[in-house]
Amino acid sequence: MKKLLFSILTILLCLTSFMLVSCDGEEDTTTTVDKEDNTTTTIIDKTCSHEKTVIISGKEPNTTSTGLTEGKKCALCEKILQPQNIIPAISVMDNGIEYRINHDKSSYSIVGMSVHLNKSLIIPSEYKGLPITVIEESAFENIDTLETVTIPSSVKYINRFAFRGCANISTIKISEGVTYIGRDAFNGCSSLEEIEIPNSVVDMDSGVFMNCTSLKKAVLSNSMKRISNYTFSQCVNLEIIEIPDSVTVIGISAFLNCDSLANVPLGKNVTVIEAGAFKLCDGINEIIFPDKITYIGDNAFFRCGYLETVTIGENTTYLGGMSFGECNKLKIFTIKNTNNWKNIGPVTDIDIDVTDPYLNAERISSGKNSYSWGAWGRETKRGSNITP
Ligand SMILES: [Zn+2]
């Protein structure tokens, strides 16, 4: 009896499953969730075994329209085996600000601005729930209606030319969080009077504040290793600046034509002053170089028209060509130590009093490692200049 019942049950079961398979329209679906991108894939299993699949090609998004990921369907029954996902448009214009999704798909860049009437720009820290991490190259270049700019802490990179030529910006607030400021980012912001670079900034590329002719005061990040080339070039009103202890190099023409500097701003750890760094700085009267300075580049103080007194520190081994050239008021030039000199260029071209107990004419004119002629000026004057 039990055996019979079991047989009937088995037959019934087989019949049911046979009916399920043969009945068109009945589907047994399984849904899988991809852990990586959270997409849902529905695989439909019916009479067709979907042995042959074809790829449904995707579409790259462009600046205004969305794209699609690649999909997959069955070549026989056309059932979608892998649905396509929407890729956000490369950039979106929203309330006058243009946003672009970054490659990581989890953050946005700001690419530009369409409404040029806003005087005050407060960059949002997020868009559609994702952080804004980049201000793109030239994003706000030459927008002369802008007067104040606030950059939030979500932003890590301010790329090159981002605010170049914004002639009416008077205030820029850069939040702690920014790590990089690209080349010429604020070049020509000629109404800017003060700037504070937060300590999160590790690297500032060349010319960032070049031609900021109203800039009076700058506070720099204490994470920077170098004042890059042309950083404050032509900032004729720059009066107050301190070089942080982290800085070891003053780059090429970094303070070119900064006429309002009364002193040479040198931090505790600067060792290298590169070519033209303080060329044409008419406000400087006296320089006593710290002993740490090892290198003073070509033209470094060329035509500093009011410079009268210079003392070169103990460890300077390189004095570049015309490093004090055409400093026409220069009277006293003291060198603490000439023993380790690797190069002496024609430092200056004027008649000055040399007060150096170690000075040795032979070493200067034909020292083993020196490649330049005369240390103290035009060859004709050299003899008289260096006679003790
Ligand atoms: Zn199929």
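Does Glu70 count as buried or exposed, and how many C-beta neighbours lie inside 10 Å?

## Glu70 and its surroundings

Glu70 counts as exposed because it has 12 C-beta neighbours inside 10 Å; by the definition used here, a residue is buried if 20 or more other C-beta atoms lie within 10 Å of its own, exposed if 12 or fewer, and partly exposed in between, with C-beta atoms placed from the backbone. The model is a predicted one, in which local features need pLDDT of at least 70 and side-chain atom pairs count only at pLDDT 80 or more, while totals for chains, interfaces and linings use all residues. Residues are numbered from 1 along each chain as its sequence is written.

Glu70 is found in the loop between strand E4 (67-68) and strand E5, where helices (H or I, at least four residues) and strands (E, at least two) are DSSP runs numbered from the N terminus. Leaving out residues up to four places away in sequence, Glu70 touches Ile55, Ile56, Ser57 and Gly58, a contact being two residues whose C-beta atoms, placed from the backbone, lie within 7 Å.

## The chain as a whole

The chain has 3 helices and 31 strands, and 34% of its 388 residues count as buried. Among contacts between residues at least 6 apart in sequence, 32% join residues at least 24 apart.

## An antiparallel sheet

Strands E3, E5 and E6 form an open sheet of 3 strands in the order E3-E5-E6, with antiparallel pairing; two strands pair if DSSP finds at least two bridges between them. Strand E3 (53-56) and strand E6 (80-82) stand at the edges with a single partner strand each, so one side of each is left without a neighbour in the sheet. On average, neighbouring strands of this sheet are turned by 35° against each other, direction ignored, the axes being lines fitted to C-alpha atoms (for helices over the stretch in contact) and angles running from 0 to 180 degrees between N-to-C directions. Strand E3 pairs with strand E5 (residues 71-74) over 4 bridges in the antiparallel sense, and Val54 stands opposite Lys73 in E5.

## A parallel sheet

Another open sheet has 3 strands in the order E11-E14-E16, and its pairing is parallel. Strands E11 and E16 stand at its edges, each with a single partner strand, so one side of each is left without a neighbour in the sheet. Its neighbouring strands are turned by 5° against each other on average, direction ignored.

Strand E11 (residues 120-122) is joined to E14 by 3 bridges, with Ser120 opposite Thr148 and Leu121 partnered by Val149. On its other pairing, E14 runs parallel to E16 over 4 bridges, and Val149 stands opposite Ile172 in E16.

## The nonpolar core

The largest nonpolar core has 86 residues, and those with the most contacts inside it are Phe163, Phe186, Phe209 and Phe255; such a core is a set of buried Ala, Val, Leu, Ile, Met, Phe, Trp, Tyr and Cys residues joined through C-beta atoms within 7 Å. The elements that give two or more residues to this core include strand E14 (148-151) and strand E16 (171-174). Domain 2 (90-240) and domain 3 (271-388) both give residues to this core, so it lies between them; the domain bounds come from an automatic or database domain assignment.

Leaving aside neighbours within four places in sequence, Phe186 is in contact with Phe163, Ile172, Leu192, Val208, Phe209 and Cys212.
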